[in-house]
Every structure is written in C-alpha cells, then in structure tokens.
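Subject: Structure for you to look at

Hello,

Here is the structure I promised. Please open it and keep it beside this email as you read.

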Amino acid sequence: MSKTIKKCFFEKLTFQKMLEAHIRARDGKRSKKEVILFEMDLETNLIKIINEIENWTYRFGEYREFKVYEPKERIIKSLPYRDRVVHQWYVEEFIKPYFLKRFIRDTFACLDGRGTHEAVKRVQKQMRCMKRKYYSYYVLKCDVKKYFYTIDKKILMSILSKKISDDDLLRFSELILNDGGTIGIPIGNYTSQYFANIYLNELDHYVKEKLQIKYYVRYMDDFILLVRSKKEARALLNEIALFLKEHLNLELNSKSKYFPNRQGIDFCGYRIYETHILLRKRFKKKFKKSISLWQKLKRENRLYYQKFLMSYNSYIGHASHCNSHNFIEKMKERVDELDIHM
C-alpha cells in the first residue's frame, strides 16, 4: 500500500469519470427538477465542470438549508446538483480508494457493508466475549460534542496532507473544505461524512494502538469501549478526552459516561445486551404515535398511501433487527385495522 496519494488528480479528471459521478448522484432523484435540467444538456454541463476544475475557476454554489428533528434537531445543508456531482467524483476517485483501507475494522458509519445493524452486531459480539472472560465488566460510552460543527479544518487539512502528496488534489481538497463557512463541516454533503470519518480515524488508531483496547466500536462520533473495571473506564475517559482536546480540538459530550454491563448499551437505535437486543422506548412511542396519525388521516380521507407505506416499512424494518416479535405483531394488528391493502 502506498503511503501517500501520488500525482493523479488530473488523470482522474475525465469525462467518463464525471459521467459516472453524475449517474451515482442522480440515483433516486431522477424526477427532481434540477436533475432533469442538468440532463437536458448533460454533455455540456459535464464538460463545463471539467474545464472549470482544470482552470481552477470552479466555485461551489449556495447552500440550501433545512432542519431535521430525528434523531435530534440538526441543520442540513444541500448544495446545487452540479456540486453534488463533483463531490461524488472526489469521494469515489480519491477518498474511497486511498483512505478507507486505512480505517480500522471496528468503525462503521457511512461505509459500504458497515451500517448501524452491523455495528450493533459487532458490539454484541464483543460484549459476549467480555462476558465469557470476566462475567462482569464496564462499558465506556462516549460521543463528541457538536461533532460536525466543531471539526477543525486546519487539523483536517493537516491529516489529509500526511496522506496526499499530490499538490493539485490537496488544493482541491482545501477548496471543498473552505466552502460553506469557516467553522466545522456541513451536515448533508457527501464529502462531509467521509471527512468526519477520516478525522476520527485518528482516535481509532490511538485507542487501538496506543491504549491497546481490544473491544472498541465507533459509529461516526459515538463510540463504545468495553473494559475490565470501573477504574480502567474512568482513566480511559480522561485519556480520551485529553487526546481529543490536544490533537483534534474536540470535546466529549457531557453525556459520555461509564457503567456496568448489566445495564445494557444504548447504541445505534437499540438497547444491546449479551443475550438479546431490544428496541428503544422512544422508538416504540414514535411508532405508536405514527399509527395514531395514520388512523386520523384515514378517517379524514387524507392518508397518502405511498408515504404511509414507506414509513411503515421503515418502522418494521428497524424493529425486525432485534428481539421484538411480539411488539411487531401488535403494531401490525393496529395497522390492519386501517383496512389498507398492502
């Protein structure tokens, strides 16, 4: 494996690769107005992007901002479509081939084949190993305070520069990073999820190689360590907080804590135990509330079938990945009362 990304920026700036980026970017969005307009003069638009990048005249457009409230309130930023094509090209041609292979096995967010369900399974597998070894043990559960909003771009560029020896690629990386403000990186950009993973990859290697922690799982800025004792958990909490502050200019959320394994672990939408996995109480509450809303809309003849079906299948899909058979059957019975043919 090459230690750095050698000169390849302009070699990968081709019409074919930009076309492939467009095809990925439009996936699931072909009916969107901006995608249709872009495709009406596709060849010209792609060539224009390539020429602007070659001439260093490319500038990103204005962000569209909106809020989401689940699982918590956050501001999401969305770039114009042509910029999303460029982000696809950048990630697929440079980030994935060179950086993903440097990630540890136990990081899961935004990686192909490594989502929330795989993270949950990995945590439970590690819990079972600890249970067999020690019977009782401690869990250190941490997350970073306002992670995306507090990522230090100078530190991130320093991390990137250690792995990138191509000056043109570094220059373009800095152009992407400096777009959209000076503090943090915007939630919603395709590049942001990978930059965020690269940033905390520094923590991953510190935990695994310096601290020698065998049982560790990270999903974006939430991470779990399984250790022998309360004393060890307390010491690790302080060491990790110090590392994050000194090396990455980050702070742990005040909710970061350690506790005995018998309490189970609240992680990635589930409550995890060695022997079983349960749904969070707030998920059950939300599902029941949604059913009540569907019942109301059905009575008023305002229930939009496709929207209902997507939401319902999402709930069932999430619940099916844990020990929730009885709950699912009860919810299905309530939905059956709506008399909707699915």
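Start with Glu-52: at 16% relative accessibility, this residue counts as buried. Here buried means under 20% relative accessible area, exposed means over 50%, and partly exposed is in between (1.4 Å probe, protein chains only).

First, some ground rules. This is a predicted model, so local features need pLDDT of at least 70 and side-chain atom pairs count only at pLDDT 80 or more, while totals for chains, interfaces and linings use all residues. Residues are numbered from 1 along each chain as its sequence is written, and side-chain values use heavy atoms, with hydrogens and water left out.

Salt bridges

The structure holds 15 salt bridges. A salt bridge is a side-chain nitrogen of Lys or Arg within 4 Å of a carboxyl oxygen of Asp or Glu. Glu-52 meets Arg-82 in one of them, at 3.2 Å from N to O. That pair links distant parts of the chain: Arg-82 sits in helix H4 and Glu-52 in helix H3 (residues 42-54), 30 residues apart. Helices (H or I, at least four residues) and strands (E, at least two) are DSSP runs, numbered from the N terminus. Arg-82 is partly exposed, at 24% relative accessibility.

Next, find Lys-208 and Asp-106. Their side chains meet in a salt bridge of 3.8 Å, N to O. Lys-208 lies in helix H9 and Asp-106 in the loop between H4 and helix H5 (116-134), so the pair ties together parts 102 residues apart in sequence. Asp-106 is buried at 4% relative accessibility. Lys-208 is partly exposed at 23%.

Asp-266 is in strand S7 (residues 265-267), and Arg-280 is in the loop between S9 and H11.

How many cavities of 30 Å³ or more does the structure hold? It holds one. On a 1 Å grid over the protein atoms alone, a cavity is a set of points where a 1.4 Å probe fits but cannot get out; a pocket is an open set with protein on both sides within 12 Å along at least five of seven lines; lining residues have an atom within 4 Å of a point. Grid points are joined across faces, edges and corners, and a volume is the space filled by probe spheres set on the points.

The largest cavity has a volume of about 50 Å³. Its lining includes Tyr-63, Asp-179 and Phe-195. H9 gives the largest share of that lining, three residues.

The second largest pocket holds about 360 Å³ of space. It is lined by 16 residues; Ala-25, Lys-29, Ser-78, Arg-84 and Gly-188 lie nearest its centre. H4 gives the most to this lining, with three residues.

A helix and a loop

Helix H12 (residues 305-319) has 15 residues, which should span 21 Å at 1.5 Å a residue; its end C-alpha atoms are 21 Å apart, which agrees. The expected span is 1.5 Å times one less than the number of residues. Among the buried residues of H12 are Phe-308, Tyr-312 and His-318.

Finally, Asp-221 is in the loop between strand S4 (216-219) and strand S5 (222-227). Asp-221 is buried, with a relative accessible area of 13%. Its C-alpha atom is 8.6 Å from that of Lys-145, 76 residues apart along the chain.

Best wishes
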